[in-house]
Amino acid sequence: MSIRRAAIAVAVLALIAVPYVINQPYYVNIASQILLYAVFALGLNILVGYGGLVSLGHAGLSGAAAYSVAYLLAAGHGHIVAIAGGLAAGLVVTAGFAALALRATGISFIMITLALGEIIWGLAYRWISITNGDNGISVSSRPAPFGLALDSANAFYYATLIVFLLAVAACAIFVRSPFGAALTGTRDQPRRMTALGFHVWMIRFWAFMFSGLLSSVSGILFIYYYEFISPPALALTSSAEVLLMVISGGAGTLLGPVVGASLVVIIRLVVSAYISRWNFMLGAIFVAIVVFMPEGLVPGTVRLARAAWRAAERRNLLAWTAAITGQKS
C-alpha cells in the first residue's frame, strides 16, 4: 500500500511539473487536451469497463454540456450560471439517453446510443437559433476562479489538472464502493444479481448518470479550452475516438483511459506533424494492441511484466540449483 501511495504521489508531482519541464505553450496545451480527454474517457470507462455497456453516443452528452455553456455565455450570463447550466443540461440529456438505451444490452444498446448521438448531432446542425448551425458558437472569455485568470496555457493546464485529479478520485471511490461492485456484478452475472434482489436497471441507470456527469465536465473543459463549439465535436467520430482511448488503454482500469487518451492525442496532434498518414498509424497501433494485448495497454503491460519477473525468478532458481548441485558433486 505504501508503494502505491508513493507511486501516486510521484505521478501527481510529475503532472504538476509538466509546465516547468516542457516550458512551451503549445505542448502545455497538448497536455491540457490529454487531461480533458482523459476525463471524458474515464466517464465512458464507467459504462464500458465496469458496466459492460459500450456507448457510441457519448460525444452527444459532452456536446450538450458544451453547447449549453456557450449559449448561456453568449446570452450574457456569467460563468457560474453557464457552468451550472451546462452540467444540468448534460445530466438531463444523459437521463434521456439512459432511459431509452437501457431498454436493451449488447449490440442493441450500441445502436441505440449511436442513434441518440446522431440525433444530438443533427440538432446541433439544424437548430440554428440555439446552436448557430455550421458556424458554431464562440466563447470570448474563460472563468477566473478566486480571481485567477485562466487565459495562459499554464493556468488553464493547472485548472484542468485539478478537475482531472478530482475525476480520478471520484472514479476510484465509485468503483471501490459497494455500488461499483454491484455494477460489476450486473456486467458479469445480471440474472444472478436480479435473483439476489438487486435492481439491475436502476444500477445501470445511475452508473450511466455518473458517466454522463464526467462527460459533461469534459465538455465544459472542451468549450473553455477551444473557446468554440460546432457540430463536428458531437459527431460519431468523436464518440468512437474516446471509445478507442478506453479500449486501447484498458477498459475496467483507472489508468487505462488516461494512457489511451495520451496515446490518441499525442498521435493526433504531435505525430501528425511528422507523418501525413497518422490515421493509418493509429489504426495499426490499435490492431496491434487488440492482437497482442486484447485486455489493453495497461493490463497487458502488467501481464508481460509479471511473466518476465516469473521467468527471471525461474532462471535464477535454476542457476542457484545448478550451482548447489555442482558444489556437492
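Helices here are DSSP runs of H or I with at least four residues, strands are runs of E with at least two, and both are numbered from the N terminus.

Hello everyone, and here is our protein. This is a predicted model, where local features need pLDDT of at least 70, side-chain atom pairs count only at pLDDT 80 or more, and totals for chains, interfaces and linings use all residues. Residues are numbered from 1 along each chain as its sequence is written, and side-chain values use heavy atoms, with hydrogens and water left out.

First, the overall picture. You are looking at 14 helices and two strands. Along the principal axes, the C-alpha atoms fill a box of roughly 90 × 55 × 40 Å. Of the 329 residues, 44% count as buried. I'll say contact for heavy atoms within 4.5 Å. Among contacts with a separation of 6 or more, 75% are between residues 24 or more positions apart.

Now, let's go inside. What is in the largest nonpolar core, and which residues have the most contacts there? A nonpolar core is a set of buried Ala, Val, Leu, Ile, Met, Phe, Trp, Tyr and Cys residues joined through side-chain atoms within 4.5 Å. The largest one has 86 residues, and those with the most contacts inside it are Y37, I46, F164, F208, I223, Y224 and I229. Helix α2 gives the largest share of this core, 17 residues. Take F164 from that list: leaving out residues up to four places away in sequence, F164 touches L15, L35, A38, V39, L42 and V258.

Next, please find helix α8, residues 178-188. Its buried residues are G180, A182, L183, G185 and T186. And what do they pack against? The partners are α2 (25-51), α7 (153-176), α9 (190-195) and α10 (200-226).

T94 sits in helix α4, residues 79-101, and T94 counts as buried because its relative accessibility is 0%. Beyond its neighbours within four places in sequence, T94 is in contact with L61, F208, M209 and G212. Not counting residues up to four places away, T131 touches Y67, L123, A124, G136 and I137.

For contrast, here is I266, in helix α12, residues 255-269. Is I266 buried or partly exposed? I266 is partly exposed, because its relative accessible area is 36%. Setting aside neighbours within four places in sequence, I266 is in contact with I34 and V271.

Finally, two asparagines in loops. N23 lies between α1 (2-22) and α2, and its phi is positive, about 60°, although N23 is not a glycine. At 63% relative accessibility, N23 is exposed. N132 is in the loop between α6 and β1 (137-138). Its phi is also positive, near 65°, in a residue other than glycine, while N132 is partly exposed, with a relative accessible area of 35%.

Methods. Buried < 20%, exposed > 50% of the residue type's maximum accessible area, 1.4 Å probe, protein only.
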